[in-house]
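Q: I am new to this structure and would like a close look at one part. Could you walk me through the sheet?

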Amino acid sequence: MVQGVIFDLDGVICSTDEFHYLAWKALADKEGIPFDRETNNLLRGVSRMASLEIILRKATRSYSEEEKASLADYKNELYRGYLKQMTPADLDPNVLKTLHTLKEKGVRIAIGSSSKNTKTILTNLGIIDVFDAIADGNDIHHSKPDPEVFLVAAKKLGLEPSSCIVVEDAFAGIEAAKRGGFVAAAIGDAIKDPDADYVLSTLSDVLSIALA
């Protein structure tokens, strides 16, 4: 029986992918490092520092840990600047309806995101109080495909992983869900992942699974 649904944030509840791309592209351009949409796709569901390491693979020089920290902060400041543009109007009404329907039916809901800006995004969208629990980059030491963020979310919900569905749009997220013992529902790009237990055309499709 499904007792909880844990949602990734970017690409599932909302879309900040373009903001991430623009911020990483600005950083790469500043450093003279090649960066394109294909490389950006490798960063989905990955922590900021892990993403930076992926980008720096194409650099022509090595970077100290101090330089890496400075670059990560630079990217985050650019990204947070874009986030200030977000308002409740950026939230798909069907997403909000899906969340409320789950709660009305007694299903607990949580966010499981590697982003340390999760609460800022949810606040700007006006839905931070909708979720029963939030697990984000501030709560974990390992990013996806490690299942830590989903395990933390389940613990905050007071539920076992096997009783929770994880909704993810990234391959790394699906792998994390399966490794953690969760039911994995894929949306967006992740629908191509053969390890997903369910495929969602729209977020509201999760209702037929969770409420069955």
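A: Here is a walk through the sheet, strand by strand. This is a predicted model in which local features need pLDDT of at least 70 and side-chain atom pairs count only at pLDDT 80 or more, while totals for chains, interfaces and linings use all residues. Residues are numbered from 1 along each chain as its sequence is written, and side-chain values use heavy atoms, with hydrogens and water left out.

The sheet is open and has 6 strands in the order S3-S2-S1-S4-S5-S6, with parallel pairing. Strands here are DSSP runs of E with at least two residues, helices are runs of H or I with at least four residues, and both are numbered from the N terminus. Two strands pair if DSSP finds at least two bridges between them. At the edges are S3 (133-135) and S6 (198-199), each pairing on one side only.

Now to strand S1, residues 4-7. S1 runs parallel to S2 (residues 108-112), joined by 4 bridges, and Phe7 stands opposite Ile111 in S2. S1 also runs parallel to S4, again with 4 bridges; there, Val5 has Ile165 of S4 as its bridge partner. Both faces of S1 are covered: Gly4 and Ile6 on one side, and Val5 and Phe7 on the other, are all buried (under 20% relative accessible area, with a 1.4 Å probe and protein chains only).

Moving on, S4 (residues 164-168) pairs with S5 (residues 183-186) in the parallel sense over 4 bridges, and Val167 has Ala185 in S5 as its bridge partner. Helix H8 (residues 171-179) lies across S4 and S5, running at about 165 degrees to S5. Such angles run from 0 to 180 degrees between N-to-C directions, with axes fitted to C-alpha atoms, for helices over the stretch in contact, where contact means heavy atoms within 4.5 Å.

Methods: Buried < 20%, exposed > 50% of the residue type's maximum accessible area, 1.4 Å probe, protein only.
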